[in-house]
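Subject: Structure handover

Hi,

Here is the structure for you to look at. My notes follow below it.

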Amino acid sequence: MRRVLLVALLAPAVLVALIAAVPALALLPFFPGGTDRAIKLLAAHARYLSTLLTNSRPAP
């Protein structure tokens, strides 16, 4: 139950961060070196979500 509650509380914050990143992800590929920066941005979001879900697991 704790994990569900934690994810439910933090999901809106993560969604806001992803929505804020959409313009950057749409425009970065058109700039020099922008594709690499867009990939790094997506990797950072994936790492954040993975860490959040992994650390919210209940202890055995």
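A helix here is a DSSP run of H or I with at least four residues, and helices are numbered from the N terminus. By that definition, T54 is found in helix α2. One caution before the rest: this is a predicted model.

**Overall form**

The protein chain has two helices and zero strands. Its radius of gyration is 15 Å, while the globule rule gives 10 Å for 60 residues, so the chain is more spread out than a compact globule. The C-alpha trace spans about 50 × 20 × 5 Å along its principal axes.

Surface figures come next. The accessible surface of the protein chain is about 4700 Å². Carbon and sulfur atoms account for 75% of that surface. Of the 60 residues in the chain, 13% are buried.

**Around H45**

H45 sits in helix α2. Is H45 buried or exposed? H45 is buried, because its relative accessible area is 17% and the cut-off for buried is under 20%.

Which residues does H45 touch, leaving aside those up to four places away in sequence? They are A17, L18 and A21. Two of these partners can be described further.

- A17 lies in helix α1. A17 counts as partly exposed, because its relative accessibility is 34%. In sequence, A17 and H45 are 28 residues apart. In space, their C-alpha atoms are 8.7 Å apart.
- A21 also belongs to helix α1. A21 counts as buried, because its relative accessibility is 7%. A21 and H45 are 24 residues apart in sequence, with 9.8 Å from C-alpha to C-alpha.

A21 has contacts with L41 as well as H45, again not counting residues up to four places away in sequence.

**Between the helices**

Where is F30 placed? F30 is in the loop between α1 (2-27) and α2 (34-55). F30 counts as exposed, because its relative accessibility is 71% and exposed means over 50%.

F30 is also part of a nonpolar surface patch. L27, F30 and F31 make that patch, which covers about 390 Å².

T54 is partly exposed, with a relative accessible area of 42%. That value falls between the cut-offs of 20% for buried and 50% for exposed. How many residues apart in sequence are T54 and R3? They are 51 residues apart. Their C-alpha atoms are 9.7 Å apart in space.

**In brief**

Two helices and zero strands make up the secondary structure. F30 is in the loop between the helices, where F30 counts as exposed.

Best wishes

Note on methods
Residues numbered from 1 in each chain as written. Predicted model: local features only at pLDDT ≥ 70, side-chain atom pairs only at ≥ 80, totals over all residues. Heavy atoms only, no water. Patch = residues over 30% accessible without salt bridge, like charges linked within 9 Å, V, L, I, M, F, W, Y side chains within 5 Å. Areas by Shrake-Rupley, 256 points an atom, 1.4 Å probe, with all protein chains shown as cover. Salt bridge = Lys/Arg side-chain N within 4 Å of Asp/Glu carboxyl O. Buried < 20%, exposed > 50% of the residue type's maximum accessible area, 1.4 Å probe, protein only. Rg over C-alpha atoms; globule rule 2.2 N^0.38 Å. Contact = heavy atoms within 4.5 Å.
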